[in-house]
Amino acid sequence: MLQCINERDRAFRQYIKNKSDQNYENFKYLRNKYQTLIFKAKQSYFTTSLHNNENDSKSLWKSLKNLGLPSKKAKSSSDSNIGLKINGEICFDKAKVCDMFNCFYTTVASTLVSKLPVLLGVYGKQFVDFFYSKKGVFKNVFSFALVSESTVLKYINHLSHSKATGLDGIPARFVKDGAAVIAGPLTHIINLSLIQGRVPDDLKMARVVPLYKKSDKTDVGNYRPVSILTIISKIFERVVYDQIKQYLVKKNLLYQFQSGFRRGFSTESCLIHLSDFIRFEMDKGHMVGMLLLDLQKAFDSVNHDILLMKLQSIGINTDIVNWFQSYLSGRLQTINISGASSTPREITCGVPQGFILGPLLFFIYVNDMSAVVKNKLLLYADDTAI
């Protein structure tokens, strides 16, 4: 490669001294040869990078970004020049932009919920209880187990150094370096929280970073909020998550083809299952239809009272439901953009995005709803066939 570069440069200098057709053709040949070598070297490097990470989606996307795949990072709220439409004008004042984001995120869900039609009680508590009773689930059968110091130490050691720092300013590296000293007191605090059914207020403060999604950059609705908790709160959530997840799997309460937010599943596994189902049904001579639902602000519009009711219906002990009530209530968030922060505001509904427990709680919230939709479709299909 270096030899080719030197030959190309010598040919170019020769052409500058004597601009003959022969010198130009010689330079052009060497220039094209160099460009071809560069192309092949890049192609080989790209292929090797993708092949080495084909079984690790996180590393694969990281490699793609390093290879030049456009990233949303440049379009995110970390850009100090972000501007939003406020009172008909585009505002670039960081403090006003932060407050605008926070006001929007803490009110948009309740505004959407207020527009929903009033339920007639058909799919209320009685329906949910009956739905899970058919699955052999009884109330108050699951309680938290106290966590051991070795388990907490394991969670600490598994923390990634790249985890974003919460409002307390304590980085993951500091927690990991002091794991041997921190594990004991932290285990006591976690177990005390589980026993009393209370979550410390300091662990319910979130730093929210809006990430640009699509379309007009001056529209506050085109940014997705990502909540960043303190590192200690992540360990709290991991303890609860693992116990609840183990219970749901044991009782077979998770939809077997749920692909989002599950280890070993992805959009690829979802599409494979869907395409296989369509082909099998078509081979049987059946007509196949598809209903796609796009839930607006799905995580943000979760009703806390309904969620707590469903936690009871799946067999969660009353003390644990009280813990989740404490976990969901009194949550505060502040928007952080390029060093500027908004006034903290309370979150009245929804399960925060970016939290460990968020996706799991959303699964519990919509699990029986998917059964309702499925039954409605089957009834409609039967009526149509008749």
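The expected span of a helix is 1.5 Å times one less than its number of residues. In this predicted model, that rule can be applied to helix 4, which comprises residues 94-114.

At its N-terminal end the helix is capped by aspartate 93, a side-chain oxygen of which lies 3.2 Å from the backbone nitrogen of alanine 95. Several residues of helix 4 are buried, among them Val97, Phe101, Tyr105 and Thr106, as well as Val108 and Ala109.

Attention may now turn to the loops. Most residues other than glycine have a negative phi. Asparagine 87, by contrast, has a positive phi, near 55 degrees. This residue is located in the loop between strand 1 (84-86) and strand 2 (89-91). Because exposed means over 50% relative accessible area, asparagine 87 counts as exposed at 79%.

Asparagine 252 also has a positive phi near 55 degrees, and its place is the loop between helix 9 (231-250) and helix 10. With a relative accessibility of 55%, asparagine 252 is likewise counted as exposed.

The loop that joins helix 10 (267-283) to helix 11 (304-313) holds leucine 292. This leucine is exposed, its relative accessible area being 69%. Together with Leu271, Leu274 and Met290, Leu292 makes a nonpolar surface patch of about 420 Å².

Note on methods:
Residues are numbered from 1 along each chain as its sequence is written. This is a predicted model: local features need pLDDT of at least 70, side-chain atom pairs count only at pLDDT 80 or more; totals for chains, interfaces and linings use all residues. Side-chain values use heavy atoms; hydrogens and water are left out. Patches are made of residues with over 30% relative accessible area and no salt bridge: like charges are joined within 9 Å, nonpolar side chains (Val, Leu, Ile, Met, Phe, Trp, Tyr) within 5 Å. Accessible areas come from the Shrake-Rupley method with a 1.4 Å probe; for residues, only the protein chains shown count as cover. A salt bridge is a side-chain nitrogen of Lys or Arg within 4 Å of a carboxyl oxygen of Asp or Glu. Helices (H or I, at least four residues) and strands (E, at least two) are DSSP runs, numbered from the N terminus. Buried means under 20% relative accessible area, exposed over 50%, partly exposed in between (1.4 Å probe, protein chains only). A polar contact is a pair of N or O atoms within 3.5 Å; within protein, one must be able to donate a hydrogen and the other to accept it, and residues adjacent in sequence count only if both atoms are side-chain atoms.
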